[in-house]
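Student: I have a structure file open and would like to learn how to read its features one at a time. Could we go through it together?

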Amino acid sequence: MENILDFTREDLGTWLDDKGIRPFRAGQIFKWLYIKQADTFDQMTDLSKDLRKELADHLLIKRLIVDDRQISKDKTEKFLYRLEDGQHIESVLIPEKDHFTLCVSSQVGCAQNCKFCLTAQGGFIRNLTISEIIAQVRDARFYIRQKDIDPLKLSNIVFMGMGEPLANYKNLVKSLKIIRDSDYGLKFSAKRVSVSTSGIIPKITQLGLETDVNLAVSLNATDDKTRSSLMPINKKYPLKQLLEACQTFTMKPRNKITFEYILIKGVNDTKQDAFKLVKLLKPIKSKVNLIPFNEHDKSIFKCPSKKEISDFLQILLDRNLTAMTRKSKGDDILAACGQLKAKLIP
Ligand code: SAH
């Protein structure tokens with residue numbers, strides 16, 4: 001049996017066509033799945049009984065199994081999901097002023113081995129399937145609907161959970177199709193979906209050509225030596241090439257690439273770093289998200305002081321970079337950036 005959440009609307013149309021069923025039915029089925037949140041084919045009352053049976057004979061509609069759910073003081077919620085093979089992943093639901101943002105995972109574990117990140121410590125286990133990515137979104141919408149909140153209030157998605165999304169490229173792109181699918185599907189606007197990468201250059205270029213979502217790049221350093229020591233991927237895809245790929249990244253005229261920059265005490269937080277960052281990003285349409293390092297017990301790195309962080313930010317702002325410090329939410333429940341570990345680490 002196949003999981004129906006693995007299908008884009010187009011793929012489902014082809015599947016139906018192969019069975020002699022008119023492909024436009026895929027749109028109707030998608031509405032039931034993603035707008036009305038059906039759990040069975042029997043609920044899809046505008047399909048014939050025969051069609052419902054045919055679907056139920058071959059396809060499954062499934063939700064993720066919630067192993068644990070934690071709520072932070074700032075109302076951020078972290079979901080620990082147990083997948084069918086017993087592996088675990090986490091999603092984080094972040095309430096903002098007038099909407100929610102969902103931070104989704106793309107892999108079980110991660111192979112990038114970034115020195116500051118807790119997910120890296122558990123190593124790489126496997127890529128998520130399309131349905132595992134999509135179910136995080138669909139189930140989060142279902143969850144807020146059960147609380148009598150308009151599900152469309154969950155309007156923003158960031159691929160900033162566990163894993164490197166561009167290392168799971170094929171499933172990422174199909175998932176984005178479903179996430180962006182207009183009146184039939186999850187209906188997220190391109191402006192409100194961001195994919196964050198450690199910097200896998202060929203896939204960055206491909207993403208720009210094949211999708212219209214926002215790109216975020218985890219920069220974290222302004223020279224190759226520091227960046228390679230923090231992020232081994234930099235040895236393969238060094239700064240200069242990375243920034244060139246960003247410069248030529250295909251996007252809408254008014255869009256900008258987000259550069260994430262973790263501030264780590266004594267590592268990448270000097271005034272010289274700030275000046276260099278300005279210089280490096282000058283030719284690129286960019287905005288900078290400074291992320292004060294979230295400390296955790298598997299790392300000796302420390303977060304700079306508030307003053308050091310605001311001084312760093314000021315240098316960027318004074319030189320006309322668009323920049324802000326990201327307030328990581330949910331750090332009391334290990335839901336903040338770089339703190340997701342699911343059950344990877346014993
Ligand atoms: N692999 C992707 C997606 C993960 S996003 C990527 O690298 O972009 C996770 C973000 O959190 C990245 O920008 C990363 O640099 C940041 N991060 C990781 N560990 C962190 C920590 N301990 N404190 C603050 N930010 C962290």
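This is a predicted model: local features need pLDDT of at least 70, side-chain atom pairs count only at pLDDT 80 or more; totals for chains, interfaces and linings use all residues.

Student: Which domains does the assignment give?

Tutor: Domain bounds come from an automatic or database domain assignment. Here the assignment gives domain 1 (2–60) and domain 2 (65–333). Their C-alpha centres lie 33 Å apart. The contact (heavy atoms within 4.5 Å) takes 17 residues from domain 1 and 17 residues from domain 2.

Student: How is the size of such an interface stated?

Tutor: The size of an interface is often given as the accessible area lost when the parts come together. Buried area is the accessible area (1.4 Å probe) that two parts lose on being put together, summed over both. Between domain 1 and domain 2 it is about 1600 Å², and carbon and sulfur atoms give 54% of that. On the domain 1 side, Leu 5, Tyr 34 and Gln 37 supply 40% of the area buried against domain 2, more than any other three residues.

Student: In what order do the strands of the open sheet run?

Tutor: First the terms: helices (H or I, at least four residues) and strands (E, at least two) are DSSP runs, numbered from the N terminus. Two strands pair if DSSP finds at least two bridges between them. In this model 10 strands form an open sheet with mixed pairing, in the order β3-β4-β5-β6-β9-β10-β11-β12-β13-β14. The edge strands, each pairing on one side only, are β3 (65–71) and β14 (322–325).

Student: Which pairs show the two senses?

Tutor: β4 (residues 77–82) and β5 (residues 88–95) run antiparallel and are joined by 6 bridges, with Tyr 81 opposite Ile 89 in β5. Phe 259 of β12 is the bridge partner of Val 217 and stands opposite Val 288 in β13.

Student: How do the side chains of β12 point, and are they buried or exposed?

Tutor: In a regular strand the side chains alternate between the two faces of the sheet. In β12, Ile 257, Phe 259, Tyr 261 and Leu 263 point one way, and Thr 258, Glu 260 and Ile 262 the other way. Buried means under 20% relative accessible area, exposed over 50%, and partly exposed in between (1.4 Å probe, protein chains only). In β12, 7 of its 7 residues are buried. Thr 258 counts as buried because its relative accessibility is 12%. Beyond residues up to four places away in sequence, Thr 258 touches Leu 215, Ala 216, Val 217, Lys 287 and Asn 289.

Student: What does Val 195 touch?

Tutor: Val 195 lies in strand β10 (residues 193–197) and is buried, with a relative accessible area of 0%. Its contacts, leaving aside neighbours within four places in sequence, include Phe 159, Leu 207 and Ala 216. The C-alpha atoms of Val 195 and Ala 216 are separated by 5.9 Å, and the two residues are 21 residues apart along the chain.

Student: Where is Asn 113 found?

Tutor: Asn 113 is found in the loop between β7 (107–109) and α4 (118–121). Asn 113 has a positive phi of about 60° although it is not a glycine, and at 37% relative accessibility it counts as partly exposed. Asp 148, in the loop between α5 and β9 (154–159), has a phi near 65°, again a positive value in a residue other than glycine. Asp 148 is exposed, with a relative accessible area of 76%.

Conventions: Residues are numbered from 1 along each chain as its sequence is written. Side-chain values use heavy atoms; hydrogens and water are left out.
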